Amino acid sequence: MKRERDPTPQEFDKLLAWLSPDRDEAGRKYETIRYRLIRIFVTRGCVEAERLADEVMNRVAVRIDKLVPTYEGDPTKCFHGFAGKVHLEYLRDQRELPLNESPPQPSPPDDEREREELEQEDECLTQCIGELSASESKLFRRYFQDEKRAKINARKSLAAELRLTANALRIKAFRLRRQLRRCMEVCLDGFLSDETIRG
Amino acid sequence: MARKHNDQEAVRRYLLRQLSDAEQQAFELRLLNDDELSEELEIVEDELIDEYLTEELSQTERANFEKDFLASPERKRKLASGQALRRYFFKSTPERLPKPGIFDRLLKWTRQSFLSSPIAVAVALLIVAGLGFAVWRGVFYQSDVDKGLIALNQAYSQERPIEARISNLDYAPFVTRRGGDPGAVNTLERDRAERILLDAVRDRPGVASYHALGKFYLTKKDFDKAISQFEEALKENRSNAQVHSDLGAALLEKARTERGSNDSGESFKELAKSLEHLNKALELDSSLLEALFDRALVHEQMALPEQAEEDWKKYLERDFNSQWTNEARRHLTTLQENDHKITQDKKDNFQNFLKSYRANDQEAAWEILRRTRDGSAVGTLIRDQLLDAYLEGASAGDTRQAEDKFDALMFVGKLELERTGDVYTSKLARFYSLASPGQREILTKARELMKEGRRCYAGARPLDAIVAFDKAKGMFAGLDNHWETQYADLWLGYCYMNASDTERGLKILEPLVSSFQQQNFKWLFMRALYLLSGAEYDLSLYSKAIGHNHRALALAEEMGDAIGIFNALHVLVEQYRYIGNFEQSLDCIRRSLPLIESGVLNQDQIAQYYGTVAALLDSSGLYSAAADYQKESIKRALTTGQVQTISRAYANLGSIYGKMGDYNRALESARIAYDTARSHSDESIKKTMMAYSSRQIGDLYRQSGDINQAIKSYDECIELNKSLDNYYGLYEAHKNRLSCYKVLGNDSVVKEELETTLALVEKYRTRILEEDNRRHFFDTEQSVYDLAIDFAYSRMKSAEKAFDYAEASRSRSLLDLMNSNAHVANYESRPDIVFGPLSHPLKLSDIQKRMPAQAQIVQYSVLDEKLLIWFITKTGFSTVESDVRQEELNHRVHDYLQSISSTANASNPEVNDDAKRLFEILIKPIEPFLDHAKPVYVIPDKILNYLPFGTLISPDSNKFLVQEYLTVVSPSSSLFIISSELARKKEGKKFERLLSVGNPNFDRSEFPALAQLPSAASEAEGVAGYYESKCVLTGDVATKPRVEKEMQRSDVIHLAVHTVFDQRTPLRSKLVLAKAATTSSDERSNGVLEASEVYKMKLPTTKVVVLSACQSGIEQYYGGEGMISLGRPFLAAGVPLIVVSFWPVDSDSTVALMRSFHQHRKRDNLPTAEALRRAQLDMLSSSDERLRQPYCWAAFTAVGGWTSF
């Protein structure tokens, strides 16, 4: 794939202005589109989803002068159109990759490191669950600790207890989980930076 | 915050990649704008991960999850976090807490003992930790892969699931079971292995984990998944012997499973691939017992018993006392017993027949008779043995023996008559019963001469054989023994063929074929057809040869004649391979392989057969397996002393080694072939074999870069082939010498060689009569024409000559069809087109003379390194060269088509950039020549056949090509002229009758995947409104008989129906119509109109056919012939202009386009192509954004000639 150059500050400003006259709102829109493009590329099975999303953002930004006067309709459609093209190019690159030049894969950690990582993950999770409020922690445990049929029953009774619809409970649990995941990322980053200092 | 359940379901399907393209596009557009949907997406992601970890996903979902969902590192991280969550709950559940381990106890002990001294505690802890880690690592530690494989071993400790050995899996007996009984398997351990190994692949993708998971799938007999994992492992490390071995095992087991089902020879190909991997495994590690064990099994499956025996023996030398040895011994014993049984059976055939005859066991007697009718070997025919014994008894006065054998002969005649209707033996027996003692004496001598003739033939002395047979024939004829006279004649024909006087052989065989048929000498008829096929093949009359061989095969099958079946199939393997139809060739191997082990064949037949199989594997790129067969062929040929077979086998082995890059061994083998050929006593055979091996030597020198030596060998080969009149040999040698001359850069020699080679190709074209075979042959030989075009243009500086070559290279079969030089024939229930005399393409000067003044032609030639564009008008001719490489053009067109052939990417402005770039490559260079007022007839080449030219955008005007020019496609300039002339003949009729068909009520049970097309019905009715006279057929009345009848009298035919393609046999592709309400089995009521049926039609009044269906203009592209589609037969049926589609069309937008098209055509009185263009322009200016996308307006194109209507 031929990579697009970075947009100039002027082009970037014009792009934001195209998304919304309010610069803060435009910034939020930009990030939302970028984030959702990443989700799209991830779902399409792309290994470098973030890079591809950035490529789309750059391509649109670089062409902003041509686009604004001629393009009619919702800008997100335009991003999606570019995403389709970038995806095709990505697929072509994948096809063309010679067998001995497959994309660099992270080398598997040695056994000791893996065990260490698992321990770190567990430690972080325990710590992050500890940071939840008592009611959140209770909800979280009850929502996630069962499997299969028992899980369905437990969630039904939990929803009834909390006077929530099943879907509202589902969303609540998801948000807790997302909060936990973010907490874990920060926590694990701490381990990583410690290690970097040690190294 | 209520969310719809539908959304959850849609998100789930989106994440598991289960949405259609259109659904996916719509979903993503929504996703970009919808915050709730975006959050829902993340929730469902988490839920899917949880369900995966708790094994709640269905099998399909799980497969999609592993293949697609987990492809991104981010999702893998999420999965890891989900696992952490599970570990958390797992640990915090008290009853599940693990018992205290050694570390806990040691720590407890150290705390108690050294608590008072912190340093001591620290030191102790360090020591304990160090010691503990070392012990744990060395003794107890197991990686996930190890754990998974241990579980797998335990799962199958009672019984192994497949016969092949899987590397490092312990012995367990293999039990063959019927039905779906999975055998003794510990499912708990198996499931545990699955979980662990899937995790291992996810967490640590690499050789070890892919390999281990592949083993798991192999034990589950999920062969495709196993193969895929092993291939992944090999991508990481191509030199892992164990992975090669297990991949070989997987391919072997897959082939065994598929065998017997109608797999069209695919299972044989898998066995050959298995052999490739097992050979590679042993090459990498000769001590790998699993590979040796499995290779022995593969050799058994591939009917290579000697090589299998060799492998088992080697195995037993290396593995003395494991439990595997018992199985190896059993296999070896069975092979040896089979071998002994076959030898014994052959010896006992005659005695066993007599026993059965005396016991009046007709079944047993017939079984022996039908398996032993070897027409080429001496003394094997029961009939001959009985006659000899009868004559011997009669001449010695042993009446009892004579009567006994004569009665047995009558018994043979009776059986043949009853079982097959063959009267030969019974009539012959009657003749012998009336022979006087004097006549019997002459007959005895004549029969001795027949035996002598066969011995000479077997000793590769056909000229001596001819003398003997000729004498015998004279003696039989002198006694009015018409039966054996003809039999001797058959042998004479065969021997002339073998003495390289094929024409003479053919002259003898042709009348014999009809004579045997008329007299009901069925076996001789079958034999004569088979021999005739051989003669025709030698004379490069491939289609005839294949046709006759199929007839021989059908007869042999009807008579249950094992050797006849084998012979026909064997030759078909070679004939199909020769014309590049590997699929049919493989299928013939599948059918013939079981006969090898049936004990009915002699060593020479087997040697030749192995050589033929090797040649096919060689052509398919499976060199290692090819070498195995070729070596086996040599081994068998050496036992027979057949010089011809030995020489050919060595030559072929040389060629195979050459392809494996082992030039020393290759040249050594080829030279043995050449020297062996020189020792042949028969001059003609000697030359044939020398020509063959000298070409192999030439090829080897050429491949190794020694061009001068290669040319010398080709020179010799050409001289030899000239003296033999062997066209194909000459063509191959010239073609390869041409490559050598090109390397040396001597233009004058290249030019001369090029002309010779192309003349031979043209000669060849006349000899391949069937379209299927032609397509395959010219598809592979297109490169010769491309070379000619490039050379004429670049080196000879003759654009005209280059154009003529370009024109000669394309759509020649369609040209023959349009000139009525062809007919459709059914061929083993498979339709094919059979061609008559060859039509010649028009030269540039003729094209200019005959083309309409209102037209302009743009013809493309896509060459490896450049693109040539020819521009032709009645008075002008120009050529433009562009340095765009074929590969680049392929990429550009491919990506562009992907973008525009769905609604998804249409809003992407980059699609327009691509359209502009393609305009710059394809149109801009000739734009100065183009006249806006005239239609442009585009003759595309290769990938350009798929391109809707009207969608290209001029960077200067920013307009689509369709807005500036009218473009029409034509398969070649010659065909454009013919179509234009046809159109002229159909001009003048003012009132047009329309046949309009839409949404036929087709048979749902036969086409369950096809949807109803209600909009097609309204399209059919809507377009009819513009015509003066019409017949509208929709729903139940749109039956095939009705449509066919109406087609004959309609000027314009509009078919808004479904199409169904047959990839294997394009003539079977069909338009789906309504099934007629009849209970008869008449095929006319079957509700489909096949391409083959349209090819049979003549449509004398039809001016235009509109195929308003999916991809009606694009089906399969062949180098040389161009695009084969459902539109093509209508051109062949005499329709000068058709309107067809490039891709699966949107039903609703098609209705709009078609209505507008017919409206412009009739109301505005515009010519068809211009009316289509106007309809497209209407859509382009539509207020509906969707209709303005190329996907909607550019799906259809006009194909054919210039028309005023």
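The model is a predicted one. Asn520(B) sits in a loop of chain B, between helix H24 (502-519) and helix H25 (522-538). Its phi is near 65 degrees, a positive value in a residue other than glycine. Most residues other than glycine have a negative phi.

Asn153(B) has a helical setting, in helix H8 (residues 144-155) of chain B. Its relative accessibility is 18%, and the limit for a buried residue is under 20%, so Asn153(B) counts as buried. Leaving aside residues up to four places away in sequence, Asn153(B) touches Asn168(B), Leu169(B) and Asp170(B).

Several helices of chain B pack in pairs. Helix H28 (residues 582-596) and helix H29 (residues 603-619) of chain B have axes that come within 11 Å and cross at roughly 150 degrees. Angles over 145 degrees count as roughly antiparallel, and H28(B) and H29(B) are therefore roughly antiparallel to each other. The crossing is left-handed. On the H28(B) side, the contact involves Phe582(B), Ser585(B), Leu586(B), Ile589(B), Ser592(B), Leu593(B) and Ile596(B). Facing them in H29(B) are Ile606(B), Tyr609(B), Tyr610(B), Val613(B), Leu616(B) and Ser619(B). By class, the residues of this contact are 10 nonpolar, three polar and no charged.

Helix H32 (residues 663-678) of chain B packs against H33(B), with axes that come within 8 Å and cross at roughly 165 degrees. That angle makes H32(B) roughly antiparallel to H33(B). The two helices meet in a left-handed crossing. H32(B) contributes residues including Tyr663(B), Leu667(B), Arg671(B) and Tyr674(B). H33(B) contributes, among them, Lys686(B), Met689(B), Met690(B), Ile697(B) and Leu700(B). The contact of H32(B) with H33(B) has 12 nonpolar, four polar and three charged residues.

H33(B), which spans residues 683-704, also packs with helix H35 (residues 727-744) of chain B. Their axes are 11 Å apart, and the angle is about 20 degrees. Angles under 35 degrees count as roughly parallel, and H33(B) and H35(B) are therefore roughly parallel to each other. H33(B) passes H35(B) in a left-handed crossing. From H33(B), the residues in contact are Arg695(B), Asp699(B) and Arg702(B). They meet Glu732(B), Ala733(B), Asn736(B), Ser739(B) and Cys740(B) in H35(B). This contact has four charged, two polar and two nonpolar residues.

Chain B also meets chain A. The contact joins 64 residues of chain A to 71 residues of chain B. About 6,200 Å² is buried between the two chains, and carbon and sulfur atoms give 49% of this area. On the chain A side, Arg36(A), Thr43(A) and Arg170(A) lose the most area to chain B. Together, these three residues make up 12% of what the chain A side buries.

Methods. Residues are numbered from 1 along each chain as its sequence is written. Chains are lettered from A and ligands numbered from 1 in the order in which they are written. This is a predicted model: local features need pLDDT of at least 70, side-chain atom pairs count only at pLDDT 80 or more; totals for chains, interfaces and linings use all residues. Side-chain values use heavy atoms; hydrogens and water are left out. Axes are lines fitted to C-alpha atoms, for helices over the stretch in contact, and angles run from 0 to 180 degrees between N-to-C directions. Helices (H or I, at least four residues) and strands (E, at least two) are DSSP runs, numbered from the N terminus. Angles under 35 degrees count as roughly parallel, over 145 as roughly antiparallel, 65 to 115 as roughly perpendicular and the rest as oblique. A crossing is left-handed if the near helix is turned anticlockwise from the far one by less than a right angle, and right-handed if clockwise. Contact means heavy atoms within 4.5 Å. Ala, Val, Leu, Ile, Met, Phe, Trp, Tyr, Cys and Pro count as nonpolar, Asp, Glu, Lys and Arg as charged, and the others, Gly among them, as polar. Buried area is the accessible area (1.4 Å probe) that two parts lose on being put together, summed over both. Buried means under 20% relative accessible area, exposed over 50%, partly exposed in between (1.4 Å probe, protein chains only).
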